[in-house]
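We'll start with rings, then look at a sheet and a pair of helices.

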Amino acid sequence: MLKSLLIANRGEIACRIIRTARAMGLRTIAVYSDADSSALHVRQADEAVHIGPSPARESYLVGEKIIAAARATGAEAIHPGYGFLSENADFAEAVLAAGLVWVGPKPDSIRAMGLKDAAKARMIAAGVPVTPGYLGEDQSPERLQAEADAIGYPVLIKAVAGGGGKGMRRVEGAADFADALASCKREAASSFGDDRVLLEKYILSPRHIEVQVFGDSHGNVVHLFERDCSLQRRHQKVIEEAPAPGMDAETRAAICAAAVRAAKAVDYVGAGTIEFIADASEGLRADRIWFMEMNTRLQVEHPVTEEITGQDLVEWQLRVASGKPLPKRQEELSIHGWAMEARLYAEDPAKGFLPSVGRLEIFRPSPDVRYETGVYEGAEITGFYDPMIAKIVVHAESRLEACEALAQACAATDIFPVKTNAPFLWRALDDEDFRAARINTGFIAEKGDVLLPPAEPTDDMVKQAAAAMIVQEYQGAPTMLHGGDDDLLGAPQPLPWRGALGFRLNAAANRRVAVAVDGKVHVTELPANWRNATVIAEPVADGVAVNDDGLSFLAALPRTGPTSGVAAGDGALLAPMPGRITAVEVAPGAQVTKGQRLVTLEAMKMEHALTAPFDGIVAELPVTAGGQVTEGSLLVRVEKAA
């Protein structure tokens, strides 16, 4: 059995691997970049090695540095986690060539399934059904356009070397194809160093079903049943569950058998996931489920499989890498209850889900549920890596019970001042269609603004924030309570609130107050039971951090006098976060129309298009493709047409 392990990853997955490795008695070694010098995975490991600057391409993606760290620390094995180098066959070969144990599949298996076009050809040969599309070598825009026209719209463009929703575009019609192709190729080249694409027919009522498979070096391959990952936003999974709702025994047997055939076709060893797309317009049927791709690594959503099977998949990986057979035979595996997982991201739903960065002044996970995280209170969320803060995982006897438990956990998660998608997750889990399992991969897009939290706090939230603010403001100060619940705190000093508060002679108590919520002043009438605020509120440096169903905001005393700040005039487009300019599609002096793409910014592994706010002329363009920009930098300024 192995005795020491280096984890070639960061964040929550590194922490997840460390937990199991240490429970098995292994010495753990972490690697870290400049930005991660005080990260949780560094703190939890027995030893840690610095491998370079903050950008992943200069640290976590440099295989030579990771192998050197393993040699320097005497590590026996390297676990790649997921992302980064986990599906890099060349890196796997280099690890083996260095005399180290690779906790993953054989390099040949990674290559066989790593390119989507070659993988589909292999699956066809193995008798695994695949979606109709184009897998050809001719990558000219003209040929791809012609093939898309022949397949019929909508069509999906996918990067051959892609994964994680990157390098993927849905195209509704022929007129949109050229622009979508160019954007897809650009993102694929940036993310994977390979701009080749394939085309697939887009299924109009699709469900994303995947099967967890596991193989060992003794020729055994088993499946650990299916997961449903249909709730996605921009092709990124948001909520996953196991088993898949509506999956009957016959269909489960067929899809799981196909997954095992797929794994055996590439002599698979270790943890892998076979992803299928199902046409759910008539329910889940075996003859309407097709192979999409294989992920030759552990998946982000593996905890839901662990919860329903009672197995530790990281332990399985380490045992298989040590040369041992699989811990269980197929007939020994079964499904127990229901599990759900939500991905908690540092992003602001009210601002188009733009990533949110900064220090986690408050990080209070919901108790009594499984949290997989790589951060802690006081940690910094940077723009260098994926914005996922944590995975929230629950297990229950039924799907509805799991749904309710996960919704409660999302609502109770208290994070400040970094914005998160927690209120969005709560609304999705509370949606009646989701609870009834009326889902497909277009669920979030079709719901539109229904799932979005309010851009500004509701009046009830403002009332609760004001109450929390008043209580906090006068804590520790001399106070005087009057009469009953209708009266407010009195104070000997002048109250810095708009209007007179508290006890008034021969008149009812005045409960009209002003409070600044996220910088905007609101005037509201406090409720009679204002002392019993129902929201989560904690004091912070500038006021009170308030959490209501996962939505966090700052409540503070309104400031008087002049304020300072920089305001962008009409037509000035500023960088919403630090990032790299990947495309500049206009020139100074160019005439543009409202909605026209002007500049593309890449940040946190995603592309963000900035478009013209109105018809006009490009007056300023201080950026160039390839340049780095800071948050708030002027990218382009448009003057209105005369």
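Searching the whole structure turns up seven aromatic pairs, where rings of Phe, Tyr and Trp (its six-membered ring) pair if their centres lie within 6.5 Å. This is a predicted model, so to speak of local features takes pLDDT of at least 70 and side-chain atom pairs count only at pLDDT 80 or more, while totals for chains, interfaces and linings use all residues. Residues are numbered from 1 along each chain as its sequence is written, and side-chain values use heavy atoms, with hydrogens and water left out.

**Aromatic pairs**

- Phe91 and Trp102 have ring centres 5.7 Å apart and planes at 85°, so they make an edge-to-face pair; planes under 30 degrees apart count as stacked, over 60 as edge-to-face and the rest as tilted.
- That pair links distant parts of the chain, eleven residues apart: Phe91 sits in helix α4 (residues 89–97) and Trp102 in strand β5 (residues 101–102). Helices (H or I, at least four residues) and strands (E, at least two) are DSSP runs, numbered from the N terminus.
- Both Phe91 and Trp102 are buried, meaning under 20% relative accessible area, with exposed over 50% and partly exposed in between (1.4 Å probe, protein chains only).
- Phe434 and Phe443 are edge-to-face too, because their ring centres are 6.4 Å apart and their planes at 65°.
- Phe434 counts as buried at 1% relative accessibility, and Phe443 does at 3%.
- Tyr60, Phe84, Phe384 and Tyr385 are linked into a cluster by ring pairs.

**Strand β26 and its partners**

- Five of the six residues in β26 (residues 512–517) are buried, leaving the strand mostly covered.
- β26 pairs antiparallel with β27 (residues 520–525) over six bridges; strands pair if DSSP finds at least two bridges between them.
- Val513 has Thr524 of β27 as its bridge partner.
- The β26–β27 hairpin has two residues between the strands, and Asp518 there takes a positive phi near 50°.
- β26 also runs antiparallel to β30 (residues 551–556), joined by two bridges, and Ala516 has Ala556 of β30 as its bridge partner.

**Helices α5 and α6**

- α5 (residues 107–114) and α6 (residues 116–125) pack at about 95°, with axes 6 Å apart. Axes are lines fitted to C-alpha atoms, for helices over the stretch in contact, and angles run from 0 to 180 degrees between N-to-C directions.
- The contact (heavy atoms within 4.5 Å) involves Ala112, Met113 and Gly114 of α5 with Lys116, Ala118, Ala119, Arg122 and Met123 of α6.
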